Amino acid sequence: MGELLLELLCEEIPARMQLDAIGFLQGVIRQRLLSANIRATEPIESYVTPRRMVIIARGIPDRQPDRTEERRGPRVGAPQSAVAGFLRSTGLSSTAELEEWELPGGKFYVAVLVHRGRPAIEVLPDLIRGAIAGVPWPKSMRYPASSLRWVRPLTSVLCLFDGQVLPLPLDRVPVGRTTRGHRFLSPGEICVGKTADYLERLREARVVLDQNCRKETIRQGLEGAVAAEGFSLKPDAGLLEEVTGLVEFPIVLAGAIDADFMTLPPEVLTTAMRAHQKYFSCLQPDGTPAPRFLLVANNVTVDGGKTVIAGNERVLRARLADARFFWDQDRRVKLSSRIEALADRVFHAKLGSLHDKTCRMDDLADFLVPVINASEDLARRAIFLAKADLSTQMVAEFPELQGVMGRYYSLYDGEDPRVANAIAEHYKPLGPDDTCPSSPESIVVALSDKIDSLSGFFAIGQAPTGSRDPFALRRAALGVIRLILENGLRIRLRECLLLAAEPFQSFRKKADIAEQLFNFIADRLHIHLRSQGFEYDVLSAIFQRGSEDDLVRLVLRARVLQDFLASDDGASLLTAYRRASNIVAVEERRGSRKYDDEVDPALLHQQEERVLFDRLAEVSDRAGTLLGR
Amino acid sequence: MSFQSLIFDLQRFWAEQGCVILQPYDVEVGAGTFHPATASRALGPEPWRAAYVQPSRRPTDGRYGENPNRLQQHHQLQVILKPAPADSRDLYLASLAAIGIDAGLHDIRFVEDDWESPTLGAWGLGWEVWVDGMEVSQFAYFQQVGGIECDPVSTELTYGLERLAMYVQGVESMFDLDYNGASGSGRITYGQVFKRAEREFSAYNFEFADTSRLVAHFADAEIECRALVERGLALPAYDQCLKASHLFNLLDARGAVSVTERAAYILRVRALATACCETWLAGTGG
């Protein structure tokens with residue numbers, strides 16, 4: 001049994017690519033070992049840092065097992081040339097080395113060939129080289145040392161099998177038993193004997209190899225730093241993941257934000273710190289921003305981080321000075337006078353400007369306002385202003401603040417708070433975990449925006465296909481569904497989609513656009529409800545009533561049906577129904593006729609039959625009334 | 001360390017690494033990459049090492065000299081090493097040490113930032129380099145220029161000199177940078193040298209550049225470039241390509257380019273750049 005240790009030392013790998021790449025490398029090495037009939041007794045370990053990808057495979061057999069192959073040759077007594085040809089193809093020299101087997105059709109020569117397993121040390125180099133070459137980087141590059149495209153230049157490769165160097169063919173990239181530790185904290189070369197040695201030496205060389213361990217260290221460092229000052233951390237899982245991929249030896253440091261900047265909107269503070277600087281935000285006990293930021297450095301400096309903190313504070317001052325400049329400049333111009341600029345901003349080459357889009361949204365409000373019971377003036381005002389913040393400097397700098405800035409600027413202009421909220425919320429919900437707007441005006445703006453985008457992109461043939469969904473239309477459809485369901489909106493969706501398709505009739509017939517879009521939304525609803533625990537059969541039954549376009553009623557039906565089927569009554573009904581329908585089926589076959597005509601009450605003899613019939617008539621009347629509502 | 005000493009020290013460092021120290025190119029460019037010492041020399045097989053300062057014009061970044069962090073013309077120190085040496089990173093870190101940025105005291109980080117110039121038809125992979133959170137350089141491995149594969153690949157380093165100097169001097173505004181290191185009446189600040197230019201060029205770029213004339217100049221440069229390519233004169237043709245590129249940037253700053261036009265303009269400049277690069281390569285063989 002042996003141990004394989006592979007380390008690819010590389011110039012900094014982009015954080016967002018690290019986990020996928022190491023996962024792939026581990027998977028493909030496992031697979032290739034299996035195909036080579038080399039079964040490791042232990043699971044393969046894998047680690048990744050910004051500078052290295054590491055695979056450790058323990059319990060690898062020293063050689064492949066032997067393999068026996070039985071190859072059938074010509075019939076015994078076949079012409080000499082045929083036998084000689086068979087011998088040549090098997091590498092044997094005389095018929096004495098062949099066996100004679102009695103097989104269907106006669107007696108045949110059979111060569112029993114024993115293939116000796118090759119030593120692992122011979123098999124591994126090509127196997128590993130192939131695995132490395134197959135890593136699918138989102139972007140890769142050429143560099144002088146090797147013909148192998150890689151994400152960034154490979155510096156060197158350490159590859160040992162039981163302490164012995166495996167010579168991987170990687171052109172001029174050095175392959176051996178040396179590596180390097182932390183770039184600044186341990187600059188020397190490290191020579192490695194075996195795996196345990198490697199792990200120990202890297203620890204000494206200030207590299208936290210295990211990404212999970214590194215992430216946990218950072219998390220604890222952040223928590224500790226905020227607790228020390230009586231603040232709490234604003235959680236940010238995405239940022240934590242990212243900074244874990246930016247450091248080999250994490251050091252959490254805290255810096256101060258100048259009091260002058262604390263009057264900026266909290267979202268602006270957080271975004272300016274996060275987007276460009278990758279700083280974490282802190283919160284006061286009351287949830288407002290605290291004047292502190294946390295950064296994760298990759299170096300232990302001789303002055304305990306003083307210079308690093310001072311430098312970062314200065315950078316942040318410049319960033320926030322920029323943000324405050326935008327904040328002040330943007331507020332000089334009323335949001336309402338930015339509307340003209342929207343005519344010059346293209347929404348999509350075929351679908352017109354953002355101004356065109358808000359006009360279409362306004363037309364949809366004719367339909368939506370009454371059914372949602374929103375204030376018409378406020379909803380139309382919010383639609384009018386919804387996209388205006390896209391021409392502000394703040395949103396140009398931080399696109400993720402769209403909507404949010406619209407709220408601040410409209411409040412500053414003295415707009416109604418409900419209008420401001422509707423502007424802020426109209427992009428929501430942004431995903432399955434995001435909250436869904438619930439005030440009537442917000443719903444009108446959010447729905448009209450999404451339905452217009454869906455209708456337009458479907459009209460110009462940009463419906464999502466496979467994994468391609470460049471305009472995030474699946475998310476928009478789910479947004480429509482959640483806005484309707486979570487707010488219990490009774491909307492004739494087909495009618496609404498027909499209206500939304502009207503402006504796009506130059507591309508396709510509006511009925512076709514609406515129908516294709518309706519089916520798309522129905523599909524997304526099906527998937528949404530499945531994820532909510534609805535049974536497949538129940539949904540199939542409900543969706544078969546194709547004309548239903550009131551999503552709220554559709555879901556209520558599904559719920560009633562599913563609950564009922566789960567009850568004792570439901571189970572009895574299913575049994576009875578199945579039995580009755582079987583009997584009818586058998587009778588129809590026997591009599592070669594259909595029993596689908598109206599029931600003739602005159603033919604009912606027994607008391608039970610008459611009671612059942614009367615009761616059914618009564619119930620189906622009521623059911624019809626109820627279902628029609 | 002004054003602004004000019006920073007330049008001297010970096011130039012001396014790179015001269016010692018075998019770079020020829022060149023002077024800025026005398027046509028308006030948006031970045032040091034556009035200097036033919038990089039854009040043309042990155043192509044072809046011949047080894048090449050050069051370093052130079054390049055004033056770089058970004059008309060849309062102008063703020064009339066009122067924003068402490070933005071300029072319509074800033075200065076880049078550009079280094080090209082071809083082929084890319086295996087110790088590119090070590091050399092770069094040594095250059096920081098040469099201007100007093102000690103790795104034992106700072107947090108130096110390489111953060112993903114792929115470089116692309118759509119008008120030049122060029123791209124490379126690399127990083128922006130952070131010193132204590134401040135971006136001070138771009139570091140890229142050139143993959144293509146003018147749509148042509150770079151073989152061998154070069155290392156391209158770009159130092160943003162104003163940013164770097166602000167960091168080294170610890171000042172909050174570019175205009176307060178100590179330019180010459182003199183004291184008393186001999187002291188010159190960055191603002192004294194460039195503030196008026198910032199104000200006047202911002203006015204020109206945003207308000208007074210005559211757009212119909214810019215459009216006409218663009219068309220002229222395009223025609224001239226094509227004509228020179230026909231005659232196999234790669235470098236004069238490339239000058240015209242640079243002029244077209246700058247005229248497009250001016251039109252952009254004037255807000256005279258719609259989104260669709262924008263893409264078309266970029267394609268037109270890129271077509272010129274490709275033609276110039278092909279002509280350059282054809283010429284070196286003969």
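B:Leu22 stands opposite B:Tyr52, a residue of strand 2 of chain B. This is a predicted model: local features need pLDDT of at least 70, side-chain atom pairs count only at pLDDT 80 or more, and totals for chains, interfaces and linings use all residues. Residues are numbered from 1 along each chain as its sequence is written, while chains are lettered from A and ligands numbered from 1 in the order in which they are written.

Strand 1 (residues 20-22) and strand 2 of chain B pair in the parallel sense, over 3 bridges. Strands here are DSSP runs (E, at least two residues), as helices are (H or I, at least four), numbered from the N terminus. Two strands pair if DSSP finds at least two bridges between them. Strand 2 of chain B also pairs with strand 3 of chain B, in the antiparallel sense over 10 bridges. There, B:Trp48 stands opposite B:Lys82. Strand 2 (residues 48-57) is mostly covered, with 7 of its 10 residues buried. Buried means that 20 or more other C-beta atoms lie within 10 Å of the residue's own; 12 or fewer means exposed, and in between is partly exposed, with C-beta atoms placed from the backbone.

## An enclosed helix in chain B

Helix 4 (residues 161-169) of chain B is largely enclosed by the rest of the structure, because 7 of its 9 residues are buried. Among them are B:Leu161, B:Glu162 and B:Tyr167. Their cover includes helix 1 (3-16), strand 3 (73-82) and strand 9 (155-160) of chain B. B:Gly170 follows the helix, with a positive phi near 70°.

## Where the chains touch

In chain B, 30 residues are in contact with 33 residues of chain A. Contact means C-beta atoms, placed from the backbone, within 7 Å. Strand 4 (108-112), strand 6, strand 7 and helix 8 (259-285) of chain B each supply at least two residues of the side that touches chain A. Strand 4 of chain B gives the most, with 4 residues.

## The largest nonpolar core

The largest nonpolar core has 230 residues. Such a core is a set of buried Ala, Val, Leu, Ile, Met, Phe, Trp, Tyr and Cys residues joined through C-beta atoms within 7 Å. A:Ala379, A:Ala382, A:Val444, B:Cys241 and B:Cys276 touch the most other members. Helix 7 (residues 234-253) of chain B gives the most to this core, with 11 residues. Not counting residues up to four places away in sequence, B:Cys276 touches residues including B:Gly146, B:Tyr238 and B:Cys241.

## Domains and sheets of chain A

Chain A has domain 1 (2-63 + 119-204), domain 2 (67-115), domain 3 (211-332), domain 4 (346-545) and domain 5 (598-629). These bounds come from an automatic or database domain assignment. Taken over C-alpha atoms, the centres of domain 2 and domain 4 of chain A are 74 Å apart.

One open sheet of chain A has 3 strands in the order 4-6-5, with antiparallel pairing. Strand 4 (67-75) and strand 5 (99-103) are its edge strands. Strand 5 joins strand 6 (residues 106-115) through 5 bridges. A:Trp101 has A:Phe108 as its bridge partner in strand 6 of chain A. An open sheet of 4 strands, also antiparallel, has the order 14-16-17-15 in chain A. Strand 14 (232-233) and strand 15 (251-256) of chain A are the edge strands. Strand 15 of chain A runs antiparallel to strand 17 (residues 289-297), with 6 bridges between them.

Conventions
Contact = placed C-beta atoms within 7 Å.
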